[in-house]
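Good morning, colleagues. Please look at the sequence and the structure on the screen while I go through the side-chain contacts.

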Amino acid sequence: MVHTPVHASWLNQVEIYFSVVQRKVVSPNDFTDLGEVRDRLRAFEDRYNATAQPFQWKFTTSDLDDLLARLDRHTADHPEESFVALAA
């Protein structure tokens with residue numbers, strides 16, 4: 001079970017978990033068969049459940065304001081990159 005802060009999307013938390021699985025279990029993908037994938041995923045699940053700690057949320061509204069200001073400055077300084085990102 002994952003307890004999320006009230007301001008976070010549960011989907012974001014699931015994406016974080018699967019990102020951890022991707023980096024620590026699935027890559028590199030040198031499996032010989034699906035049974036090996038299953039076994040490695042189950043072993044990871046057991047280790048993760050035994051050692052997992054709650055995330056320490058430290059992102060404040062002032063952090064958000066700073067991030068948005070930096071994004072605005074970057075967009076103003078590099079309008080071509082913003083256009084490319086929107087077109088993609």
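A residue is called buried under 20% relative accessible area, exposed over 50%, and partly exposed in between. By that scale Asp-39 counts as partly exposed, because its relative accessibility is 44%. Please bear in mind throughout that this is a predicted model.

Let me begin with the overall layout. The protein has four helices and zero strands, and along the sequence the pattern reads α-α-α-α. Of its 88 residues, buried ones make up 9%. The protein exposes about 7,700 Å², and 59% of that area is supplied by carbon and sulfur atoms.

I turn now to helix H2. This helix has 18 residues. From its first C-alpha to its last it reaches 26 Å, which is close to the 26 Å expected at 1.5 Å a residue. Which residue caps the N-terminal end of H2? The cap is Asp-33, with a side-chain oxygen 3.2 Å from the backbone nitrogen of Gly-35.

Next, the charged pairs. How many salt bridges does the count come to? The count is three.

Salt bridges that share partners join Asp-30, Glu-36 and Arg-40 into one network. Between Asp-30 and Arg-40, the closest N and O atoms are 3.6 Å apart. That pair links distant parts of the chain: Asp-30 sits in the loop between H1 and H2, whereas Arg-40 is in helix H2, ten residues apart. Between Glu-36 and Arg-40, the closest N and O atoms are 3.7 Å apart. Why are Glu-36 and Arg-40 separated by about one helical turn? The reason is that they are four residues apart in helix H2. In general terms, an α-helix has 3.6 residues a turn, so residues three or four places apart point the same way.

Let us move to the aromatic residues. A search of the whole structure finds four aromatic pairs. In one of them, the rings of Tyr-17 and Phe-18 have their centres 5.7 Å apart. Their planes stand at 70°, so this pair is edge-to-face; the angle that counts here is one over 60 degrees. Tyr-17 also pairs with Tyr-48, again edge-to-face, at 5.2 Å centre to centre and with 75° between the planes. What does the pair of Tyr-17 and Tyr-48 tie together? Tyr-17 lies in helix H1 (residues 10–26) and Tyr-48 in helix H2 (residues 34–51), so the pair ties together parts that are 31 residues apart in sequence.

Tyr-17 counts as partly exposed at 25%, and Tyr-48 is partly exposed at 24%. Taken together, Tyr-17, Phe-18, Phe-44 and Tyr-48 form one aromatic cluster.

My final topic is the surface. Phe-59, Leu-64, Leu-68 and Leu-71 form a nonpolar patch there, with about 360 Å² of accessible area together. Leu-64, one of these patch residues, is placed in helix H3, which covers residues 61–77. Its relative accessible area is 37%, so Leu-64 is classed as partly exposed.

Thank you for your attention.

Notes: Residues numbered from 1 in each chain as written. Predicted model: local features only at pLDDT ≥ 70, side-chain atom pairs only at ≥ 80, totals over all residues. Heavy atoms only, no water. Patch = residues over 30% accessible without salt bridge, like charges linked within 9 Å, V, L, I, M, F, W, Y side chains within 5 Å. Areas by Shrake-Rupley, 256 points an atom, 1.4 Å probe, with all protein chains shown as cover. Salt bridge = Lys/Arg side-chain N within 4 Å of Asp/Glu carboxyl O. Helix = DSSP H or I, 4+ residues; strand = E, 2+ residues; numbered from the N terminus. Buried < 20%, exposed > 50% of the residue type's maximum accessible area, 1.4 Å probe, protein only. Phe/Tyr/Trp six-rings, centres within 6.5 Å; stacked < 30°, edge-to-face > 60°. Expected span 1.5 Å × (residues − 1). Polar contact = N/O pair within 3.5 Å; in protein donor to acceptor, adjacent residues only side chain to side chain.
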